[in-house]
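Please look over the sequence and the model below before reading on.

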Amino acid sequence: MSKQKNPKNKNNKWVLMVVIAILIVAAIIGILLIRKQIQSEKEITYDQLYQDIVDKKIEKIEMTIGGSTVTAKYKESDEEKTAQVNSLQPFMEFINIQISENPDLEVDLKTPNELMAFFENLLSFLPTILLVVLMIMIFQMQGLGEKGKVYGENEENSTNVKFSDVAGLDEEKNELIEIVDFLKNPKKFQNMGAKIPKGILLYGKPGTGKTLIAKAIAGEANVPFISMSGSEFIEMFAGLGASRVRKLFEKAKKIAPCIVFIDEIDAIGSRRTSNSGSESENNQTLNQLLVEMDGFESNETIIVLAATNRPEMLDKALLRPGRFDRQVTIPAPDLLGREEILKLYTKDKKISKDIDLRELAGDTAGFTGAELSNLLNESAIIATRNNHKVIEKEDIEAAVKKITVGLEKHNRVVSEKDKKLTAYHEAGHAVVSKFLETQDNVKEISIIPRGLAGGYTMYKTNEDKYYVSKTELEEKMIALLGGRAAEKIALNDISTGASNDIEVATGIARDMITVYGMSNSLGPISLKVDEPYELQIFGEGITDEVGTQVKELVDNAYIAAQKILLDHIQILHQVAQALLEKETISEAEFDSFFVE
Ligand code: ADP
Ligand code: ZN
């Protein structure tokens, strides 16, 4: 993923520096104030000093040549007080007379210490200096210091990315190729009276190629590409985000025709809900973006592409005509798309002839383009480490496992008790799945710890599904709870190892009720709401009903899992035993337990 992380770090450094500077200024002002306070307590007027000298209350006076402060030490109290004298000459004359009358009076005339005086002056100027530095820093962050360059923004004059670098996504490319035409030939469309679209939203999971396709549009049209991430607009200082948006578009207008790409637009464009704190800052940024989108004329040919994986979060104002009125969904690649992507990324790699990319595409259902590219890169690394001449099947398999279940942890010491627990847990998943019509076949079971998991059961998934039936969801929950059920039945104990399974199963049950309308009592309504109060239109008690229904689904799945295992308890013991002996068992070995 080609996101620049640097600006963010730099950003944090700036913020830290500003905070430190503010603290230093505050400390110095504090010290100066305290000093002043102490001084003013000891300060007496010139008249008072004059009188006290005449009254012979003072034993010693100190002054500095050229200075204006006189320190007087009192006889009785032993206190030192200071007074300001406007001109030293008349005061000296007065003192001379006093000395002749009062020989006890000691006078200490000091030559000035230049260095001390310099530092005293500097100290009193320091807050001002620091404030100036602070201001300069803030201006620079706003991009006012540097001409043209907007902080955090990336610009490429030509991205050199072409549509041929984007694999799969044929329909999406077809939809977007029009934009290339607009950018190349705006006049042609304008003469016809057509308005060129200003904003296009790309919806899709991270890593599906949204940035890549935006770059490809710029590359095909041969126009500059400016990009920024939504999260970079969100700043600690009010108004900064808005000012960045303004700068970004100023720049775009200068270099138009061009593509402006805003990644993670949900960071600024999420729905305006309240007026407090950082949210109102977001509002300012969002408002500025809306102003800019409305502001430029379509003859300026700036096309703003924005990416998000949370379209439901976006403020509706963003989607109005003249703003992001076109939306293109960039899906995770299907079987064919994955094959295309694999083909693209194996071009520059040495790969064994035995590897069937179609089959690999089948084994990697759900992988995004970024993950597939990463998979092949990992495979190449593993092949190198294994001293293979080309990337072998086993290298790819190791890479798939590394990515999906994490690295093998051979060194982790596992107690016998934990091993047994894991063996029954994984055997539980596998055995239960075997008896569920809709569930995928088991590919491998292992009790070797990987990543965070103590063991794993891998399934063969070679089908892309667009719709999932209710039965399938119910059986999925049963398979997930098979691990916990086996622990309970075989060891009469349950462990924390099942927490993720339980979380996923509960999530499925909740979606079945609130999203897919699969509940008998509630019927086909969507209860997916942003704010709990929105549920109130369904009447009081609706949340209780949802809770009851979700619990019922999960409970039933758990009971079903236990039933399957109790009916086939012998197989459960056999599989767990085999796991304890061999640690990993293959599909064939697993299936051998089921032949009569
Ligand atoms: P997104 O912006 O959707 O998070 P990116 O465009 O940054 O994803 O994709 C990250 C990387 O994944 C790309 O640089 C590219 O290497 C790879 N990639 C993703 N999808 C594809 C695709 N369809 N074809 C080729 N490469 C892809
Ligand atoms: Zn499990």
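A nonpolar core, as the term is used here, is a set of buried Ala, Val, Leu, Ile, Met, Phe, Trp, Tyr and Cys residues joined through side-chain atoms within 4.5 Å, where buried means under 20% relative accessible area, exposed means over 50%, and partly exposed lies in between, with a 1.4 Å probe and protein chains only. The model is predicted, so local features need pLDDT of at least 70 and side-chain atom pairs count only at pLDDT 80 or more, whereas totals for chains, interfaces and linings use all residues. Residues are numbered from 1 along each chain as its sequence is written, chains are lettered from A and ligands numbered from 1 in the order in which they are written, and side-chain values use heavy atoms, with hydrogens and water left out.

The largest nonpolar core has 44 residues, and within this core Ile445, Met477, Val575, Leu579 and Phe590 touch the most other members. At least two residues each come from H16, strand S11 (442-446), helix H17 (470-491), H18, helix H19 (542-567) and H20, and H19 gives the most, with 9 residues. Helices (H or I, at least four residues) and strands (E, at least two) are DSSP runs, numbered from the N terminus. Contact means heavy atoms within 4.5 Å; leaving aside neighbours within four places in sequence, Phe590 is in contact with Ala430, Val431, Lys434, Val442, Ile445 and Val575. A second, separate core has 28 residues, among them Leu169, Ile179, Phe261 and Leu305.

For the chain as a whole, the secondary structure comes to 21 helices and 13 strands, and buried residues make up 42% of the 596 residues. Of the contacts with a separation of 6 or more, 74% are between residues 24 or more positions apart. The accessible surface, from the Shrake-Rupley method with a 1.4 Å probe and, for residues, only the protein chains shown as cover, comes to about 32700 Å², of which 53% belongs to carbon and sulfur atoms.

Which residues coordinate the zinc ion (ligand 2)? His425 (NE2), His429 (NE2) and Asp501 (OD) do so, at 2.0 to 2.1 Å, and in sequence these donor residues are spaced H-x3-H-x71-D. His429 in helix H16 (residues 416-434) and Asp501 in helix H18 (residues 499-514) are 72 residues apart, a pair that links distant parts of the chain. Donors are N, O and S atoms within 2.8 Å of the metal (3.2 Å for Na, K and Ca), and because water is not among the atoms, sites may look incomplete. His429 is buried, with a relative accessible area of 7%, and Asp501, at 12%, also counts as buried.

The loop between H17 and H18 holds Ser495, which is buried with a relative accessible area of 16%. Apart from neighbours within four places in sequence, Ser495 is in contact with Leu421, Arg484 and Glu487. Lys488, by contrast, lies in helix H17 and is partly exposed, with a relative accessible area of 37%. Not counting residues up to four places away in sequence, Lys488 touches Asp493, Ile494 and Tyr558, and its C-alpha atom is separated by 9.4 Å from that of Tyr424, 64 residues apart along the chain.

Buried residues in H9 include Leu240, Val245, Leu248 and Phe249.

Strand S2 (residues 69-74) and strand S3 (residues 80-84) run antiparallel and are joined by 5 bridges, where two strands pair if DSSP finds at least two bridges between them. Thr69 stands opposite Gln84 in S3, and Asp78, in this hairpin with 5 residues between the strands, takes a positive phi near 65°.

Asn222 sits in the loop between helix H7 (210-221) and strand S7 (225-229) and counts as exposed at 56% relative accessibility. Glu583 has a positive phi near 70°, is found in the loop between helix H20 (569-582) and strand S13 (584-586), and counts as partly exposed at 27% relative accessibility.
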